[in-house]
Amino acid sequence: MLVQRNDVGRVLFTYATLTFFALIFMIPLVYALYTSFLQLKDVDSIVPFRELTVDSYVRLWTSPAYSLPRWYWNTAVMTGIIIGGNLIFNTMAGYALSKLDFYGKRVIFFIILATLMIPYHIVLIPVYTTMATLGWLDTMRALTIPYMSQVLHIFLVRQFFLGVPNELLEASRLDGLSKIGAFFRIMLPLSGPALATMIILIFTGTWNSFMIPSTMVTRKEMFVLVVGLNSVKDQYFDRTNLIMAGVILTTLPVILLFLFLQKWYVQGVSTSGLKG
Amino acid sequence: MTDRPVPVKHNRYSAWSDSDTFVGWLFVAPFLMIWGFWFFRPFMLSLSRSFQDVNFMDLNAARFIWFGNYLDILRDPEFHEAVLHSLTIVVFAVPTQSLLALLVAIALNRKLPGRGVFRTIYSVPYIVSPIAVATVFMVLFRRNQVIVRLLSTIIQTPNVTWFADVNLALPFVILMFIWQQTGFFMIIYIAGLQGIPDDLYEAATVDGANPFQKFRYITVPSLKPVTYFVVTVGTILAFQIFDQIAAISRYGNLGSPAGATTTVITYFYQHGIRYMNIGRGSAAVVIFVLIIMAITALQKRLMAVKE
């Protein structure tokens, strides 16, 4: 639909509506950003630019009461391990399920579809008791190992690999490439868009995850950012500037990555959303 | 793609290590091991423990009690309350966010300059941690804050701290949920709108249809499958809501204030993890999963009818 002259009223109305909702969606984040640069006495008031300060950040980052650097590190390690595992294991499984033909393949594909339909909550209690029995509670293992190969992303990678023409693989065989070789030399180099989608979806999901880390970890040094932020908020709710700095520090990496990988994110959400 | 020509190695056509069966199983092995130990085994444990009287303190002292846990739960007034809260969240959140997402998606589907910026702004809430969102909202919705005062003039809500008020805590959770989810469903709706062929609209214009008629007779029917998706997934997500409730339940008292925000999920979590009553918790989560699967099945059914 192109904008026409007699449409001016409608266009203005559309912009007004869009701006209204944009404000609703922006205000909480802008408030958090602004407040995080205030002194406590200035919270909920407008101050001149020169009175803004990074005190809250410095305090949050350096004070031993919060162990923020440690939480950052834990979150980064957890997210890194889970993304790494998924990148390797899911592309492998996706290749096997899309380009190889072996006995049992259909059962495995059925397993993936069935698991997709079952909410994760059903295994939370046994996973917790198993972690306790293994003595893995309060360790990085409890936060990462069960989540290193997620069915949704195997499914998405498989769909992507189905679109890779078989002729490429046949040609590679004529050139003497083994099936494992074809995975590394043909499939992986082609899978950039699928991997970008996987990275952004798993990054946001893992970085923001709360239920599992807050269940598996109770020692403060092993907290991840979100769990740490929740505890700081409970303890220091009246230090608004401080907890807003925490909000910004927690959300900034996700927002930045989203701005860079937005295209693949939208693609991933649309395809995974409309698969049914 | 590699620039170099693929080097010719010796012919491995006959080697067993190059068979589909070997490579296939080798390549699904990591997934299968993780899935088997960390999903299938716990899944079966949850099912069997839901029929047992079993406590975390002594897992070996489990006793088989048939449907005892299920009957206890179904007779528990706390559970009725939790179901009621879950349904309330669904009934208020799902229609609101679906409609809002559709309207915004339609507005953004027009080729207006700057629509990319709006799309980004609307998507950001969805990728932000619910705990962070709740933290900001809890501050914004305190007594005497601008928003709370504004709302008390417009819709007559009392001037109180929302998350600590027995009547407003649940609406507060719903509000945060809608604020976060709308962007996600907007992305889905935009993808759906882009799938509608332009010539349908052109033909309607030739036939003299007005914008409302086009919306009613082209957009709405074409988006039917997308709407099924948005409604069912929205319902499932609304049933699963946890982080926001945990955030407003300060000091870990799930469902506070005074049980005003308990849901099916917090009920299962409270019994299974906090009270370590594994049998009761497992039965609760099985009931929860049955509800979710019924919704999923309904979605599949509705989608199939359309085709």
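## Contact between chains A and B

The contact takes 78 residues from chain A and 78 residues from chain B, where two residues are in contact if their C-beta atoms, placed from the backbone, lie within 7 Å. On the side of chain A that touches chain B, helix H13 (residues 240–273) of chain A gives the largest share, 13 residues. Helices (H or I, at least four residues) are DSSP runs, numbered from the N terminus. By class, the residues of this side of chain A are 50 nonpolar, 21 polar and seven charged; Ala, Val, Leu, Ile, Met, Phe, Trp, Tyr, Cys and Pro count as nonpolar, Asp, Glu, Lys and Arg as charged, and the others, Gly among them, as polar.

This is a predicted model, in which local features need pLDDT of at least 70 and side-chain atom pairs count only at pLDDT 80 or more, while totals for chains, interfaces and linings use all residues. Residues are numbered from 1 along each chain as its sequence is written, and chains are lettered from A and ligands numbered from 1 in the order in which they are written.

## Helix H5(A) against helix H1(B)

The axes of helix H5 (residues 124–134) of chain A and helix H1 (residues 20–49) of chain B cross at roughly 110° and come within 8 Å. Axes are lines fitted to C-alpha atoms, for helices over the stretch in contact, and angles run from 0 to 180 degrees between N-to-C directions. H5(A) is therefore roughly perpendicular to H1(B), a term for angles of 65 to 115 degrees.

H5(A) contributes Ile125(A), Pro126(A), Val127(A) and Thr130(A) to the contact, and H1(B) contributes Trp38(B), Pro42(B), Leu45(B) and Ser46(B). Six of these residues are nonpolar, two are polar and none is charged.

## Domains of chain A

Chain A is divided into domain 1 (5–57) and domain 2 (67–273), with bounds from an automatic or database domain assignment. Their centres, taken over C-alpha atoms, are 33 Å apart. Ten residues of domain 1 of chain A are in contact with eight residues of domain 2 of chain A. On the domain 1 side, H1(A) gives the largest share, four residues.

## Ala260(B)

Ala260(B) lies in the loop between helix H11 (243–248) and helix H12 (264–274) of chain B. Ala260(B) is buried because 21 other C-beta atoms lie within 10 Å; the term requires 20 or more such atoms, with C-beta atoms placed from the backbone. Not counting residues up to four places away in sequence, Ala260(B) touches Val166(B), Ala169(B) and Leu170(B).

Notes
Helices (H or I, at least four residues) and strands (E, at least two) are DSSP runs, numbered from the N terminus. Angles under 35 degrees count as roughly parallel, over 145 as roughly antiparallel, 65 to 115 as roughly perpendicular and the rest as oblique. A residue is buried if 20 or more other C-beta atoms lie within 10 Å of its own, exposed if 12 or fewer, and partly exposed in between; C-beta atoms are placed from the backbone.
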